[in-house]
Amino acid sequence: MSRRLYAFIAVAGTLMVPLLFWIGGALSALIIMRQGVKDGGRVVLWASLPAIAWSAIGDSTALITVIGASLIAVVLRNYQRLDWALLLATGLGVMLFALLPLLYGDVLTAVISEIEGQIMTALTEQPDMAATVQPMVAPVVSGGLAALHVIICILCLFLGRYWQSELYNPKGFGREFNQLRLPLAYSLPAAGLVLFAGALQPSMVGVSVVVTVPLFFAGLAVFHGVVSKTRTSSNWLAVLYVAVLVFEPYMYTLLIFVALLDSLTDIRARLKDTAEDE
């Protein structure tokens, strides 16, 4: 990756293929973290031309991914704080939530209309419930889409960081992720917003979806850290991820709660470190 031409070809090539845009995002993050904003930014900027072209014809996913992954990679490179990178990703997600009608206009409107129609049909015999739910449909759909983009950007950052650690600092990313812990100043207000969003403006419901993303990853990090500290079999992590896939809504909520509890009590610090000194 030290040669700019090879880096440019790798990023631009993957961004040209719609299903490979996430590799382009991860490579962009790796380039930024390795070469810095000045040198790496130039490569990423020119290599993003295919993503800009896709955005011009109506699909902004690749462009959003490259921009998001690159920006949070800058934070991780400059401050070596994974939690700060996730918080910046959340801020970008909130901005994206507001910009989605401009980026996906007709498509987003059509999706929202279809979902609203299905909900109204299902609640035909419950008009009061339908009147309560209907204003929240658009914010929830937009918030879910924004949160999905944030998750993709964060996963691209993780993949780029993993590649960097394997090349220059073996197992470094694993140790970094195991220590991920969000500040209480973020976790507590975020949890409060999730609990009381329904009583606020409808748009806050959509924002509440976005702000849970860092809590989700922090909850995963707690389980990773506990397994590492206690030398428990990694099979438990496999069970965890299968449960996340199968029982997604319930596990997502559980991980948010675990992350909040960790911000309050620092769960991993309370465990006896049985791992051998490295």
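Leaving aside its neighbours within four places in sequence, Ile154 is in contact with Ile72, Leu86, Ala89, Val213 and Phe217, where contact means heavy atoms within 4.5 Å. That's our way in, but first some ground rules. This is a predicted model, so to speak, in which local features need pLDDT of at least 70 and side-chain atom pairs count only at pLDDT 80 or more, while totals for chains, interfaces and linings use all residues. Residues are numbered from 1 along each chain as its sequence is written, and side-chain values use heavy atoms, with hydrogens and water left out.

Now step back and look at the whole chain. It comes to 12 helices and 0 strands; here helices (H or I, at least four residues) and strands (E, at least two) are DSSP runs, numbered from the N terminus. Read along the sequence, that gives the pattern α-α-α-α-α-α-α-α-α-α-α-α. The radius of gyration is 20 Å, close to the 19 Å that the globule rule gives for 278 residues, so the chain is as compact as a globular protein of that length. (That radius is taken over C-alpha atoms, and the rule is 2.2 Å times the number of residues to the power 0.38.) Along its principal axes, the C-alpha trace spans about 65 × 50 × 30 Å. If you take the contacts between residues at least 6 apart in sequence, 74% of them join residues at least 24 apart.

What about the inside? Of the 278 residues, 44% count as buried, meaning under 20% relative accessible area, with exposed over 50% and partly exposed in between (1.4 Å probe, protein chains only). In soluble globular proteins, nonpolar side chains tend to be buried together. Here the largest nonpolar core has 74 residues, and Ile154 is one of those with the most contacts inside it, along with Leu82, Leu157, Phe158, Phe177 and Phe217. A nonpolar core, by the way, is a set of buried Ala, Val, Leu, Ile, Met, Phe, Trp, Tyr and Cys residues joined through side-chain atoms within 4.5 Å. Helix α6 gives the most to this core, with 11 residues.

Next come the rings. The structure holds 7 aromatic pairs; rings of Phe, Tyr and Trp (its six-membered ring) pair if their centres lie within 6.5 Å, and planes under 30 degrees apart count as stacked, over 60 as edge-to-face and the rest as tilted. Take Phe158 and Phe177: their ring centres are 5.5 Å apart and their planes sit at 70°, so this pair is edge-to-face. Phe158 belongs to helix α6 (residues 127-168) and Phe177 to helix α7 (residues 172-178), so the pair ties together parts that are 19 residues apart in sequence. Phe158 is buried at 9% relative accessibility, and Phe177 is buried at 8%.

Phe216 and Tyr252 make a stacked pair, because their ring centres are 4.9 Å apart and their planes are at 15°. With Phe216 in helix α10 (residues 213-230) and Tyr252 in helix α12 (residues 248-265), this pair ties together parts that are 36 residues apart in sequence. Phe216 is buried at 11%, and so is Tyr252 at 17%. Phe158, Phe173, Phe177, Phe216, Phe217 and Tyr252 form one aromatic cluster.

How about the cysteines? A disulfide is a pair of cysteine sulfur atoms within 2.5 Å, and by this rule the count comes to 0. The sulfur of Cys153 has its closest cysteine sulfur in Cys156, but at 6.5 Å that is too far for a bond. Cys153 is buried at 7%, and Cys156 is buried at 3%.

Helix α2 (residues 21-47) is where you'll find Ser28, which is buried at 0% relative accessibility. Not counting residues up to four places away in sequence, Ser28 touches Val11, Val44, Val66 and Ser70.

Finally, have a look at some backbone angles. Most residues other than glycine have a negative phi, and most peptide bonds are trans. Gln80 has a positive phi, near 55°; this residue lies in the loop between α4 and α5 (82-122) and is partly exposed at 48%. Arg231 also has a positive phi, of about 60°, although it is not a glycine. Arg231 is found in the loop between α10 and α11 (235-246) and is exposed, with a relative accessible area of 54%.
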